[in-house]
Amino acid sequence: MRKSIRPEISPKQFGFVPDKGTRNAIFTLSMLMERCIEIQKDLHLCFIDYSKALDKVRHVELFRMLEKLDIDGKGLRVIRNLYWDQTASVRIEGEHCDFKPIKRGVRQGCVMSPDLFNLYSEIILRNLDGISRLKINGENLNNLRYADDTVLIAESGKQLQKLLDTVVLKSQRMGLSLNVTKTECMVISKKSSNP
């Protein structure tokens with residue numbers, strides 16, 4: 001299944017991807033900041049944190065995405081058996097409540113969970129293409145990701161706001177919400193007065 005999922009994941013994703021890690025993401029962002037300072041160009045960043053992102057993946061949306069990929073029927077059945085028709089009950093002082101269906105979230109510890117989440121978040125962040133005009137080697141760069149952590153990148157505050165508005169809107173449609181207390185913005189500038 002990974003052979004079908006991994007090509008769908010953007011090279012901007014550094015989490016749970018072979019031969020990439022936090023060091024690569026930090027190095028990439030650090031080099032981008034240094035280069036912008038060298039050429040006296042402002043860089044606007046917004047570090048996004050989702051609230052319980054892995055727990056809020058909607059199964060219906062996830063399976064809709066998986067069906068569009070070239071995954072054989074057996075692979076889809078395996079994932080459906082892991083996630084579909086799950087129920088849970090809460091026990092308080094030895095008493096169980098009624099079993100309720102679980103319709104969202106990827107399983108912790110499941111080897112497929114990171115790939116499934118990356119695919120889910122990819123659909124949200126594909127909507128950012130063309131919003132920011134920051135180009136590196138001819139490619140539009142407006143975000144870098146490590147698993148569920150994302151940094152939005154823009155040349156101006158206005159572009160950054162547009163990126164953020166798009167992410168918030170698309171995330172809400174997919175059932176994810178931003179953790180406002182952990183989401184931070186930063187401006188990298190060599191100007192004497194802060195932009």
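A residue is called buried when its relative accessible area is under 20%, exposed when that area is over 50%, and partly exposed in between, with a 1.4 Å probe and protein chains only. By this scale Cys97 is partly exposed, with a relative accessible area of 38%, whereas Cys46 is buried, with a relative accessible area of 0%. The model is predicted, so local features need pLDDT of at least 70 and side-chain atom pairs count only at pLDDT 80 or more, while totals for chains, interfaces and linings use all residues. Residues are numbered from 1 along each chain as its sequence is written, and side-chain values use heavy atoms, with hydrogens and water left out.

The structure holds zero disulfides, a disulfide being a pair of cysteine sulfur atoms within 2.5 Å. For Cys46, the nearest cysteine sulfur is that of Cys185, 3.5 Å away.

In soluble globular proteins, nonpolar side chains tend to be buried together. A nonpolar core is here a set of buried Ala, Val, Leu, Ile, Met, Phe, Trp, Tyr and Cys residues joined through side-chain atoms within 4.5 Å. The largest such core has 36 residues, and those with the most contacts inside it are Ile5, Ile48, Tyr50, Leu66, Leu116, Leu152 and Val167. At least two of its residues come from each of β1 (43–49), α3 (59–68), α4 (73–83), α5 (113–125), β9 (149–154) and α6 (157–173); these helices (H or I, at least four residues) and strands (E, at least two) are DSSP runs, numbered from the N terminus. The largest share, six residues, is supplied by α5. Neighbours within four places in sequence aside, Ile5 is in contact (heavy atoms within 4.5 Å) with Leu66, Leu69, Ile71, Met112, Asp115, Leu116 and Leu119. Another core, of 13 residues, lies apart from the largest one and includes Phe14, Leu32, Leu141 and Ile153.

Attention now turns to the pockets. On a 1 Å grid over the protein atoms alone, a pocket is an open set of points where a 1.4 Å probe fits, with protein on both sides within 12 Å along at least five of seven lines; lining residues have an atom within 4 Å of a point. About 300 Å³ of space lies in the largest pocket, and of its 15 lining residues the closest to its centre are Thr28, Ile136, Asn137, Leu141 and Leu144. Helix α2 (22–38) gives the most to this lining, with six residues. The second largest pocket holds about 240 Å³ of space. Among the residues that line it are Thr22, Phe47, Ile48, Leu144 and Tyr146, and α2 contributes the largest share of that lining, four residues.

Terms used
Points joined across faces, edges and corners; volume = space filled by probe spheres on them.
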